[in-house]
Amino acid sequence: MRISHLTNSFICIESEGFKLLTDPWTGSANYGGWVSLPEVPEERLHDVFNNVDAIYISHLHSDHFCPAVLTKYAGRDTPIYIKNFEQKTVRSRLQKLGFEKIYEIDPWVLCSIGPLELVVVPQVETNSAGLIDELDYDLDTSVIIRGKSVDKVFFHKVDNPLSTESLKQVSRFCVEHFGRTPDVVTLTCGAASEWPQCFPQLDRPLARDEFIKKCLKELRSNAEALSAKHIIPGGGRYAISGRFSNLNRFV
């Protein structure tokens, strides 16, 4: 099983000639507020989408569900897998784009896709700190992908704000169903937010350093919860352009 990272949550998983893409996106999103790093060249996109067998879309944010990339590079008969969301927004948007094969997967259910097994991990909390709040929405997902022939397990967390306890549940699921903890995982570290650079009343250098320490501590805790062999940390950087670009030193 070959795992290739392109940008953001855009990953290509290949096994026995079968190709699965997750969250294909490049360029800008959120009205220019997010820009992929790197931007994937067009010839690379043509190569990646060539003979693609399936696409998985984690949620509807525009740096994960990108109509411009999908309609330009993916055939309308390409199978697209999504969570069986309570709100059918992702499905209806895909249908409006002309995609014919949309498969909704219930959470924690093994789905066989060619030589791969795919499991959707739902959003359990609204924040990764395990804080209690009154928000209750069904937005993000993570995904577990297992290569059957090589018996390797890949857990792609994406933006899903899973707490350490929820990640332990992911690890237990993998042990129960695959007899192993994940071999490779992606974990977010940091946050694409306005904190602390856009809060002038703060001691921003101190807040920045404290936030970095907090994020690294959380990354270590989450890595230990999953007990994976290989950890790939990542996350968006909230970069400011124009006349306020000097605030980037507080990011």
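Where does Ala-192 lie?

**View 1. Ala-192 sits in a loop of this predicted model.** The loop runs between β13 (184–188) and α5; helices (H or I, at least four residues) and strands (E, at least two) are DSSP runs, numbered from the N terminus. Ala-192 is partly exposed, with a relative accessible area of 45% (buried is under 20%, exposed over 50%, partly exposed in between, with a 1.4 Å probe and protein chains only). Now look for Trp-34: 158 residues separate it from Ala-192 in sequence, yet the two are 9.0 Å apart in space, C-alpha to C-alpha.

**View 2. Helix α4 (residues 164–178) packs with helix α5 (residues 204–226).** Their angle is about 25° and their axes are 8 Å apart (axes are lines fitted to C-alpha atoms over the stretch in contact, and angles run from 0 to 180 degrees between N-to-C directions). That makes α4 roughly parallel to α5, a term for angles under 35 degrees. Contact, meaning heavy atoms within 4.5 Å, involves residues including Leu-167 and Val-170 of α4 and Ala-225 and Leu-226 of α5.

**View 3. Here is the largest nonpolar core, with 26 residues.** Such a core is a set of buried Ala, Val, Leu, Ile, Met, Phe, Trp, Tyr and Cys residues joined through side-chain atoms within 4.5 Å. Among those with the most contacts inside it are Phe-49 and Ile-55. Beyond its neighbours within four places in sequence, Ile-55 is in contact with residues including Leu-20, Leu-70 and Tyr-81.

**Notes.** Residues are numbered from 1 along each chain as its sequence is written, and side-chain values use heavy atoms, leaving out hydrogens and water. Local features need pLDDT of at least 70, side-chain atom pairs count only at pLDDT 80 or more, and totals for chains, interfaces and linings use all residues.

Notes
Angles under 35 degrees count as roughly parallel, over 145 as roughly antiparallel, 65 to 115 as roughly perpendicular and the rest as oblique.
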